[in-house]
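Please look over the sequence and the model below before reading on.

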Amino acid sequence: MAYVLVTPQRTKSDGALRTLVLISTAHWVSHFHLLVLPMLFPFLKAQLGVGYIELGFALTVFAVVSGLTQAPMGYLADHIGARKILLTGLTIGGFALVMLGINLSYPWLIASAVLLGLANSVYHPADYAILAAHMDEARMGRAFSIHTFAGFLGGAVAPAIVAALVTISGGHGALIVSGAVGPLVALLLIVVGVPDASAADRKVDGVHPPKQNIITPALIVLTVFFMLLSLSNAGISNFGVVALMNGYGASFSSANIALTAYLGFSAVGVLAGGFLADHTQRHGQVAAACFAANAAIVFAIAAVNLPSLVLTTAMGMAGFLGGVIAPSRDMLVRNAAPAGAAGRAFGIVSTGFNLGGIVSPLLFGWIMDQNAPQWVFGASVVFMILTVLLALVTERAPQRTSEASDQRILQP
């Protein structure tokens with residue numbers, strides 16, 4: 001009697017789950033690295049003998065470099081492979097922080113900001129290209145939501161982790177350990193086997209899809225859409241506490257509790273939005289409806305001096321609705337991308353986030369300097385209304401099945 005040894009085979013769903021976990025871990029690192037330098041500003045100011053203007057300039061350099069390189073990184077992700085680009089970004093970002101910890105000086109701080117900006121430009125094009133190529137079509141919205149949630153989580157835990165590292169190993173050690181996370185996660189991705197995605201790998205009926213113009217009207221509108229999203233959120237996130245204290249008489253603790261509710265419920269909203277995105281094809285309408293409701297809530301916050309509990313509730317609701325639209329936002333980009341061009345598409349539209357990141361500190365800082373804290377929320381409402389209009393413009397016709405999606409060509 002012959003016996004045949006049968007080894008268990010990995011199913012497609014197992015591979016998709018593994019890919020989602022690995023890519024989400026990389027996204028966690030990207031948001032964690034975003035906040036390492038700001039969390040260490042007091043240490044850097046004392047050690048380097050510079051002011052906050054010089055430290056702020058490093059963040060401006062970061063934003064400019066990241067904005068200028070998003071689209072080129074998307075091109076590279078589609079043409080040489082998203083996996084290579086992602087591993088390179090994790091390594092470069094980690095190297096920048098490690099070397100700053102070893103050679104602490106202002107010139108290296110600026111060099112580190114350049115390298116961190118370059119590394120940051122990798123994640124969206126590479127991550128979304130891999131997810132778009134390997135996730136189940138029916139669960140794409142939830143995959144995008146988990147990926148986004150992981151990034152939110154990285155930013156949320158960064159202050160506590162950096163503070164603990166400073167206590168244990170000092171500022172130099174905090175930089176080195178925080179940086180080492182990047183290469184270690186890159187090694188994890190190599191060992192576990194993160195898959196690749198590139199235009200060269202995409203074939204329909206055995207042939208490569210035709211080359212198409214990636215700079216389409218839809219992606220240009222979506223880039224502006226992403227910029228408005230960034231502007232509508234940045235004012236509340238970065239200046240909400242001081243605006244509530246100066247304009248509405250809120251205490252420091254109540255203002256911070258309200259902002260915590262806004263940020264915390266944003267993360268919860270992202271997960272809820274993933275389920276919603278998988279059960280509708282009208283992603284533009286979902287985004288428009290959520291942001292219209294969001295605009296109404298933020299307008300109420302701007303116009304009325306709310307009691308502390310009501311304020312916290314309203315901020316939590318605004319954050320939740322803002323988070324809900326994130327997966328639908330990503331689905332809009334995926335549906336607008338020509339076949340095999342997800343990396344370039346997400347690279348282009350993510351530039352909008354960087355443009356918002358460059359403009360928002362200047363705009364909302366100017367608003368506060370004009371002693372008009374109510375307009376921190378008022379300007380956010382204006383940006384939300386513009387976002388609603390653009391969301392409706394970017395609404396696409398109902399999409400196809402996953403097999404047909406490989407054959408889609410964007411119509412202007």
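The paragraphs below cover confidence, then a helix pair, then a loop residue.

This is a predicted model, in which local features need pLDDT of at least 70 and side-chain atom pairs count only at pLDDT 80 or more, while totals for chains, interfaces and linings use all residues. Residues are numbered from 1 along each chain as its sequence is written, and side-chain values use heavy atoms, with hydrogens and water left out.

The average pLDDT (the predictor's confidence in each residue, from 0 to 100) is 82 for the protein, and 88% of the residues score at least 70. Helices here are DSSP runs of H or I with at least four residues, numbered from the N terminus. Over residues 1–10 pLDDT stays under 50, and the model has one contact (heavy atoms within 4.5 Å) beyond four places in sequence for them. Residues 203–207 also stay under 50, with five such contacts. Where pLDDT is low, the predicted coordinates should not be read in detail.

How do α9 and α12 cross? The axes, lines fitted to C-alpha atoms over the stretch in contact, with angles from 0 to 180 degrees between N-to-C directions, come within 8 Å and cross at roughly 165°. That makes α9 roughly antiparallel to α12 (an angle over 145 degrees). Residues in this contact include Phe291 and Val298 of α9 and Phe377 and Met384 of α12.

Asn371 lies in the loop between α11 (342–369) and α12 (374–393). Its phi is near 55°, a positive value in a residue other than glycine. At 68% relative accessibility, Asn371 counts as exposed (over 50% relative accessible area, with a 1.4 Å probe and protein chains only).

Terms used: Helix = DSSP H or I, 4+ residues; strand = E, 2+ residues; numbered from the N terminus. Buried < 20%, exposed > 50% of the residue type's maximum accessible area, 1.4 Å probe, protein only. Parallel < 35°, antiparallel > 145°, perpendicular 65-115°, else oblique.
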